[in-house]
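Good morning, and thank you for coming.

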Amino acid sequence: MTDLRSYLLRRLGFAALMLVGVSLILFVLMQLAPGGPEAVLIGGEFSAEAAAQIRARLGLDRPIAVQYVTWASAAVHGDLGRSFKTGDPVARLIADRLGPTLQLTGAALLFAVVVAVPLGVLAAVRRGTTWDTLGSAVSLFGVSFPSFWLGIMLILLFSEAVPWLPPSGLAEYGRESDVVSRVRHAILPTLTLGLIQMAAVMRFTRSSLLEALRQDYVRTARAKGLADARVVWRHALRNALIPVVTVIGLSLPTLVGGAVLTETVFAWPGLGRLAVGAVFERDYPVIMGVNLVVAAVVITANLLTDLAYTVIDPRISYQ
Amino acid sequence: MRDGALARLLGHRRGLIGAGAVAVMLAAGVLAPVAAPYSYSSQSLTQRLRPPGRAHWLGTDGFGRDVLSRVMWGSRVSLQIGFAATALSLVVGTVLGGAAGYFGRGTDQAVMRAADAFLSVPALFLVLVVVALFGASLLNTALVIALVTWAPAARVVRAECLALRARDFVQAARALGAGHARILGRHLLLNAVPVIIVQASLMLGQAILIESGLSYLGLGAQPPLPSWGNMVVEGRQFLASAWWVAAFPGLAIFVTVLGFNLFGDGLRDAFDPALRGAA
């Protein structure tokens with residue numbers, strides 16, 4: 001048990017370290033920006049005297065390490081600055097947009113797993129057949145499709161050619177609480193993001209199940225006369241799913257990054273669109289804040305995946 | 001190529017299809033100035049939104065510009081940025097990954113933890129930060145793609161160097177008094193070249209996807225310079241009446257990226273037949 005506890009502590013420490021790393025990357029980029037951090041933190045034009053005043057007020061004349069600590073500790077306390085454009089606290093802007101992004105990425109991940117795992121199993125069990133070919137085609141196409149174009153082609157098919165689904169938005173105006181309307185609006189964006197995400201999960205399910213099917217315990221299970229389906233689903237797949245959980249964790253950054261384009265294509269009011277809009281407005285505090293929060297979400301999700309891993313696999317060694 | 005790798009590549013059907021797709025897109029870009037049927041920027045109000053036909057094989061866009069010609073010119077932007085970004089990313093990834101794998105200990109820890117940090121920010125969000133701070137330009141696009149793709153390259157090279165480091169010929173070189181630079185450069189990295197080439201092909205596809213995504217957002221190549229991403233976004237508004245304006249440039253991206261991915265798979269199988277069909 002102490003083993004487990006020290007593993008958990010180490011894993012938590014690692015997550016914290018990653019978050020510090022991300023904040024360092026953002027801080028360094030801010031220092032390198034043309035006009036320096038005062039341009040990033042204040043925005044707009046200002047005279048030399050004003051710049052000096054601002055530097056003193058913001059503590060930019062202090063040593064750089066002190067500046068970093070000040071900036072980072074404010075962020076930890078939820079102070080991400082104010083938007084240049086609207087003057088609103090960045091933390092509140094982000095809080096408003098986090099929900100739609102989590103909803104979109106969560107649904108896409110669910111879709112990807114629900115479709116990709118059975119497809120991966122089929123491809124592995126029927127190795128070398130049409131199912132296998134189909135599976136590898138799906139996974140290859142998935143990593144080669146530009147997501148924004150896939151989204152637009154889905155709109156072309158399902159909202160223009162056959163007007164089944166709405167092409168954009170979160171819900172019809174004034175009907176935001178209508179569940180059916182919200183689900184209908186979510187279908188195309190979820191499909192777009194999910195289809196792309198499917199590829200990695202499918203590919204990995206296939207290869208790790210193939211590996212598992214070669215193991216001795218599978219031969220034993222077969223030898224004692226168990227039905228094929230039972231061997232695959234009950235014995236091999238359960239073990240094969242362990243690395244699949246890892247791959248889901250590893251592909252989270254891609255999933256969340258994909259939301260930037262998907263949200264833009266479908267006018268989905270999430271963090272991706274908030275960030276893109278902020279780029280055009282040069283609204284630096286918003287961009288910085290969104291990045292910190294998104295990284296924190298990804299790192300937390302990864303942490304949870306790793307913890308799930310220790311629950312699924314009792315043999316795991318806490319190294 | 002070594003040990004008949006070239007022969008294996010030539011016998012790899014999917015790899016060849018990939019190479020063919022890439023070759024066609026490359027040729028379209030290189031030959032665009034002489035072979036494109038129209039100029040990429042000449043507008044014609046009477047020829048707006050013509051469907052694909054004899055005069056315009058892929059139709060015309062909202063300004064009456066020939067879509068085929070623009071797709072051909074667009075491949076120049078995508079491929080140039082793809083190659084530049086990949087080269088940059090591989091240099092950084094190879095140097096850092098090689099150093100991490102060879103020196104181990106503190107160097108390894110520092111490089112790999114930095115790579116982990118970069119990998120935990122979703123690439124497109126990080127790209128947005130850089131573009132906001134430093135502006136949108138072709139050079140910045142290439143730099144920013146390298147910034148978000150060096151980490152996977154470093155991981156792959158590190159793993160290869162770690163495996164090679166323990167081999168007898170490396171021990172022998174060290175016993176003969178070879179310095180760090182010689183062992184790392186000549187014995188480790190040179191032997192890691194096949195892995196790096198495979199990685200390059202897969203990364204080219206990624207780089208082109210990121211570039212097209214950026215120009216879709218309006219943060220990459222700026223009009224009137226055609227890039228596949230900004231052509232798709234221009235076509236978005238005519239989706240109901242003129243599907244071809246958005247469809248063909250997107251198809252070009254898909255074919256190119258698919259080509260690089262197939263070619264990369266073919267290369268991997270050719271260099272290392274043991275890995276065939278794995279992963």
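A word on conventions: residues are numbered from 1 along each chain as its sequence is written, and chains are lettered from A and ligands numbered from 1 in the order in which they are written. The model is predicted, so local features need pLDDT of at least 70 and side-chain atom pairs count only at pLDDT 80 or more, whereas totals for chains, interfaces and linings use all residues.

What is the secondary structure of chain B? Chain B has ten helices and zero strands. Here helices (H or I, at least four residues) and strands (E, at least two) are DSSP runs, numbered from the N terminus. The C-alpha trace of chain B spans about 75 × 45 × 30 Å along its principal axes. Of the 279 residues in chain B, 53% are buried. A residue is called buried if 20 or more other C-beta atoms lie within 10 Å of its own, exposed if 12 or fewer, and partly exposed in between, with C-beta atoms placed from the backbone.

Let us turn to helix α8 of chain A, residues 179–213. This helix has 35 residues, yet its end C-alpha atoms are only 43 Å apart, short of the 51 Å that a straight helix would reach at 1.5 Å a residue. That expected span is 1.5 Å times one less than the number of residues. Where does α8(A) bend? The bend, about 35 degrees, is at A:I187, and a proline, A:P189, follows within four residues. A bend is the angle between axes fitted to the seven residues ending at a residue and the seven starting there. In α8(A), 25 of the 35 residues are buried.

Next, the two chains together. In total, 43 residues of chain A are in contact with 42 residues of chain B, contact meaning that the C-beta atoms, placed from the backbone, lie within 7 Å. On the side of chain A that touches chain B, α13(A) gives the largest share, nine residues.

Finally, consider helix α9 of chain B, residues 228–236, in which seven of nine residues are buried. Among them are B:W228, B:M231 and B:V232. What do the buried residues of α9(B) pack against? They pack against α7 of chain A, together with α3, α8 and α10 of chain B.

Conventions:
Contact = placed C-beta atoms within 7 Å.
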